[in-house]
Amino acid sequence: MNELIIELTDIGPREFFGQNNENIDLLKKHFPKLKIVARGNKIKVYGDEEQLDEFDRRFDMLTAHYAKYNKLDVNSIERLLGSNVQDEIEASVASGEVLVHGVGGRLVRAVTANQRKLVDAANTNDMVFAVGPAGTGKTYTGVALAVKALKEKQVKRIILTRPAVEAGENLGFLPGDLKEKLDPYMQPLYDALRDMIPPEKLVHYLENGTIQIAPMAFMRGRTLDNAFVILDEAQNTTHAQMKMFLTRMGKNAKFLINGDPGQIDLPRRLVSGLKEALLVLQNVEGIKIIYLDDKDVIRHKLVKSVIEAYKGIEHNN
């Protein structure tokens, strides 16, 4: 039996082992054929040579992740252990750098390989589709890219929009003026912006129109020049809405279309504009489609399990 001894030098044993050794338990679960012993600042691994080589590669990915993000949690470990090593290598170094220095010193950057592919795609294409399940960072990464473009004066304004479709509920009459009626639908966009722009500046941007948050209906008839435009929840657009939105693109504009085909809230008789666009535009030069999956989920670890559990019934419908 071969032996691999790894000494922890760039990361403390407590950070790497995790609470109650939960990170070591994950390693043991992922490498059931290896015997893994963690003591002090050393990890001893016993098994056949091929498995030990794979363990060594994964370990390097984990320590590199810690060096870049200064943390190593269950989500990141599960993602890195289950990811394609080549995908991690091919995702460019630049796209993993900080996108925005957010509020309270928060460093906002693409975390997963597919999120970094999304950053690369947005840097090299004027229209990008980001498609994937809940929690994969589509909206958050998109807003970070938009804020970065605004700060670097690549664009003069940010326009964020989404269809005002209720998620399987009938909310009835909503009181208040137009903004108050629409704000509940726009909260995910506001949440992301609040992480990245100080409150006073965000209020100023919203008041002077540098940042505009509006429903799809307000896009009709406009030509969107010098803008980073994000369409969120695109799976809830109709054919007419999607075509209308995509043809609003003006000079020096970036369009990012986010959606999850597994969470369509349209009436059954209507075809999702996102699903249709992905088929129609897949071979159009200048348009890039990035697919994210449950390996990119950065919410609570149970979200991955929920997504996986629902896959079976959704594929059968």
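Tutor: Let's start with Thr-161, which is buried, at a relative accessible area of 0%. Buried means under 20% relative accessible area, exposed means over 50%, and partly exposed is in between (1.4 Å probe, protein chains only). Bear in mind that this is a predicted model, where local features need pLDDT of at least 70 and side-chain atom pairs count only at pLDDT 80 or more, while totals for chains, interfaces and linings use all residues. Residues are numbered from 1 along each chain as its sequence is written, and side-chain values use heavy atoms, leaving out hydrogens and water.

Thr-161 sits in strand β7, residues 157–162. Strands here are DSSP runs of E with at least two residues, helices are runs of H or I with at least four, and both are numbered from the N terminus. Leaving aside residues up to four places away in sequence, Thr-161 touches Leu-189, Ala-214, Pro-215, Met-216, Met-219, Ile-230, Leu-231, Asp-232 and Phe-245. A contact means heavy atoms within 4.5 Å.

Zooming out, 47% of the 317 residues count as buried. Of the contacts between residues at least 6 apart in sequence, 72% join residues at least 24 apart. The protein has twelve helices and eleven strands.

Now the charges. There are six salt bridges, each a side-chain nitrogen of Lys or Arg within 4 Å of a carboxyl oxygen of Asp or Glu. One of them pairs Glu-54 with Arg-58, with the closest N and O atoms 2.8 Å apart. Both residues lie in helix α3, four residues apart, about one turn of the helix, and both are buried. Another pairs Asp-126 with Lys-254, at 3.7 Å between the closest N and O atoms. That pair links distant parts of the chain, 128 residues apart: Asp-126 is in the loop between α6 (113–124) and β6 (127–131), and Lys-254 is in strand β10 (residues 254–259). Asp-126 counts as partly exposed, at 44% relative accessibility.

Arg-194 and Asp-191 also form a salt bridge, 3.2 Å from N to O. They are three residues apart in helix α8 (residues 178–196), so about one helical turn separates them. Arg-194 is partly exposed at 42%, and Asp-191 is partly exposed at 40%.
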